[in-house]
There are 2 protein chains.
Amino acid sequence: MKLWLGSAAPQAPEGMGDDCSVLKAPQAKVSQLVTADPVIYGQHFNDALSPEQAAAKLLRRNLSDIAAMGGKPTHAVICLALDPSISVSWIQRFYIQLGQEALANEVRIVGGDVSTADNFLGAFLTLYGETLPDTKPLLRQTSQDGSPVFVTGSLGGTIFKKHFDFTPRLAEGQWLAKSGLCLSCSDLSDGLGKDYANITPTGGTCEIDCSLLPISRDAQTMAEKSGKGPLYHAFNDGEDFELIFALHPDTDLAVFLSDWKDEFKTRVSHIGYIRQNSGTETTRLTLLNTTKDFAASGYEHLR
Amino acid sequence: MKLWLGSAAPQAPEGMGDDCSVLKAPQAKVSQLVTADPVIYGQHFNDALSPEQAAAKLLRRNLSDIAAMGGKPTHAVICLALDPSISVSWIQRFYIQLGQEALANEVRIVGGDVSTADNFLGAFLTLYGETLPDTKPLLRQTSQDGSPVFVTGSLGGTIFKKHFDFTPRLAEGQWLAKSGLCLSCSDLSDGLGKDYANITPTGGTCEIDCSLLPISRDAQTMAEKSGKGPLYHAFNDGEDFELIFALHPDTDLAVFLSDWKDEFKTRVSHIGYIRQNSGTETTRLTLLNTTKDFAASGYEHLR
């Protein structure tokens, strides 16, 4: 395994080979970030994905969580459990790709375990990262009344390809953390229809102008097949792995958007605002400029 | 899940609830230690174990790795994958016990994930620890010619109970790291017959005097059933989760043993020495005071 991971896997004792891996603790005053998500055959991938694509999805979905905190990834531990009948070739291709993806993202793979398990194939990654010096982690629930809300990229129709072939928004998350303008950030893994709540604090509602949503071409294609409309797919397909974030209410949006465009080719869309609910109101999601049918469907999904 | 883990699971953002957990990096100049081992139904446990026993085994087998480095545990991430038919009661009991074991060992459970998987039940733990201030991690391959070799506790017959009901030798490992006398340490998970190699450097042999081996009562019981002799079981049963360690060759053993007894009730046995091989000799294990039958069997097992 260590061989296949290539130079992403350091020598012991930093890497595998002793009872534990031994890592230097970060020197600067940073926070460590930890996330853990698996890919399991039948749940997160199937025979339509190559081992390379499964490995890419595994690392990238974890990287997306580090991106959502504005951090940079540092190291990972990978535990595999698999049926003895799974071919060495599959395993080898999986590890080789995982090593290459890790290397490209400056992630050292420092530990791991391989176990047998009947009729099962799953890979469990624990990914560590850290905040950049002099930045704070981008938390979820710290947006304010009047915070403008943005998403990166475009949404929906991810089943065609994007659910495994996406770019974690690491550079964008780090830039947001450095900007000091971003109050709250999360990544869209369950779909905007659920994950808007991540950046909507208790007592607040997320007001989304549906005419501003960046709907992907694949969501349009899905809509032609399903008849449910592109908005439905943009809200509910999930696995977009884009960032949703809320800025300080006083942010000069023209300057922000101009700075963003100077820095990134990645699309960014201002889709709405965080609003404080008044009195006993408990609305969590307010949709503007949408069809009645979709709104009903959206709310159904959310409850 | 977080509720069931009780006070072992801190609030977000240190605990679960954001895209990542946010941890303060260690302040002192320590090394971080990382290990990851799962328990999988059908491999590491079965219906003979209660959910509490499975949870205890999961945490303890990882704690044993931290112990083998002379470290103290700090935090853990737990990923569960399970068939939807598994009862809520099983899961609840598993998490409650995991939380209690974690609390007793000052381990914070900071992250986790639960996935469904058909016909599968497995729990994957990544455990972090750190070295004590002013101590170095106890590595495996750093013993010397003439290093006396010790094991804690007694060996073999672990299938009866010890494979899940054991005490990780954390206090002993930390004491060894602080002593400055210990050159090399590992834990016995695959049995002495395999794991002696962990503390035997390249070009060396581990010379074990079988008359000095601490053979457990359960190994005696196993031997009565199997006819293979108690030594066979002490070497080959595995899952002892005791420490094997090698001291500096100049150590005053009488003083060491006296200090140990002042500190611990845990048995410690001086079972042999690390010897440098001469010339082209490639022996890795030398057994003294053993029966011819066992020696042959032992060597067979090792090759």
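User: Which elements each supply at least two residues of the lining of the second largest pocket?

Analyst: Happy to start there, keeping in mind that this is a predicted model. The general idea comes first: rolling a probe the size of a water molecule over the atoms shows where empty space is left. In this case, strand E4 (108–116) of chain A, strand E2 (31–40) of chain B and helix H2 (51–68) of chain B each give at least two residues to the lining of the second largest pocket.

User: What volume does the second largest pocket have, and which residues are closest to its centre?

Analyst: Its volume is about 780 Å³. The lining has 29 residues, and those closest to the centre are Asp18(A), Gly112(A), Asp113(A), Asp37(B) and Arg140(B). By class, the lining of this second largest pocket divides into 7 nonpolar, 11 polar and 11 charged residues.

User: How much space lies in the largest pocket, and what lines it?

Analyst: The largest pocket holds about 950 Å³ of space. Of its 42 lining residues, Asp37(A), Arg61(A), Ser189(A), Asp190(A) and Asp113(B) are the closest to the centre. The elements giving two or more residues to this lining are strand E2 (31–40) and helix H2 (51–68) of chain A, along with strand E4 (108–116) of chain B. E4(B) provides the largest share of the lining, 6 residues. The classes in the lining of the largest pocket are 16 nonpolar, 14 polar and 12 charged residues.

User: How should I read a cavity, and how many of 30 Å³ or more are there?

Analyst: A cavity is a space where the probe fits but cannot get out, whereas a pocket is open. Here the count is 1 cavity of 30 Å³ or more. The largest cavity contains about 40 Å³ of space. Its lining is made of Cys79(A), Phe124(A), Leu125(A) and Thr126(A) from chain A, with Ala36(B), Val77(B), Cys79(B), Phe124(B), Leu125(B) and Thr126(B) from chain B. Strand E5 (121–131) of chain A gives two or more residues to that lining, as do strand E3 (71–82) and strand E5 (121–131) of chain B.

User: Which classes of residue make up the lining of the largest cavity?

Analyst: The lining of the largest cavity has 8 nonpolar and 2 polar residues, and no charged ones.

User: Let's step back to one whole chain. What does the radius of gyration say about chain A?

Analyst: A compact globule of 303 residues would have a radius of gyration near 19 Å, so the 20 Å of chain A agrees with that. The C-alpha trace of chain A spans about 60 × 50 × 40 Å along its principal axes. Its secondary structure comes to 9 helices and 11 strands.

User: What share of the residues in chain A is buried, and what share of contacts joins residues at least 24 apart?

Analyst: Buried residues account for 59% of the 303 in chain A. Taking contacts in chain A between residues at least 6 apart in sequence, 84% join residues at least 24 apart. The accessible surface of chain A is about 12,700 Å², with 48% of that belonging to carbon and sulfur atoms.

User: Is Ser269(A) buried or exposed?

Analyst: Buried means under 20% relative accessible area. Ser269(A) counts as buried because its relative accessibility is 7%. Ser269(A) sits in strand E10 (residues 268–276) of chain A. Apart from neighbours within four places in sequence, Ser269(A) contacts Val149(A), Phe150(A), Val151(A), Leu212(A) and Pro214(A).

User: Now for the backbone. Where is the cis peptide bond in chain B?

Analyst: Most residues other than glycine have a negative phi, and most peptide bonds are trans. In chain B, a cis peptide bond joins Ala12(B) and Pro13(B), with omega about 5°. Pro13(B) is in the loop between helix H1 (2–5) and strand E1 (21–24) of chain B. In chain A, the peptide bond from Ala12(A) to Pro13(A) is cis, with omega near 5°.

User: What is phi in Asn289(A), and where is this residue?

Analyst: Asn289(A) is not a glycine, yet its phi is positive, about 55°. Asn289(A) lies in the loop between strand E11 (285–288) and helix H9 (292–302) of chain A. At 55% relative accessibility, Asn289(A) counts as exposed. Over in chain B, Glu106(B) has a positive phi near 55°. Glu106(B) is placed in the loop between helix H3 (88–104) and E4 of chain B, and counts as exposed at 67% relative accessibility.

Key:
Residues are numbered from 1 along each chain as its sequence is written. Chains are lettered from A and ligands numbered from 1 in the order in which they are written. This is a predicted model: local features need pLDDT of at least 70, side-chain atom pairs count only at pLDDT 80 or more; totals for chains, interfaces and linings use all residues. Side-chain values use heavy atoms; hydrogens and water are left out. On a 1 Å grid over the protein atoms alone, a cavity is a set of points where a 1.4 Å probe fits but cannot get out, and a pocket is an open set with protein on both sides within 12 Å along at least five of seven lines; lining residues have an atom within 4 Å of a point. Grid points are joined across faces, edges and corners, and a volume is the space filled by probe spheres set on the points. Helices (H or I, at least four residues) and strands (E, at least two) are DSSP runs, numbered from the N terminus. Ala, Val, Leu, Ile, Met, Phe, Trp, Tyr, Cys and Pro count as nonpolar, Asp, Glu, Lys and Arg as charged, and the others, Gly among them, as polar. The radius of gyration is taken over C-alpha atoms; the globule rule is 2.2 Å times the number of residues to the power 0.38. Buried means under 20% relative accessible area, exposed over 50%, partly exposed in between (1.4 Å probe, protein chains only). Contact means heavy atoms within 4.5 Å. Accessible areas come from the Shrake-Rupley method with a 1.4 Å probe; for residues, only the protein chains shown count as cover.
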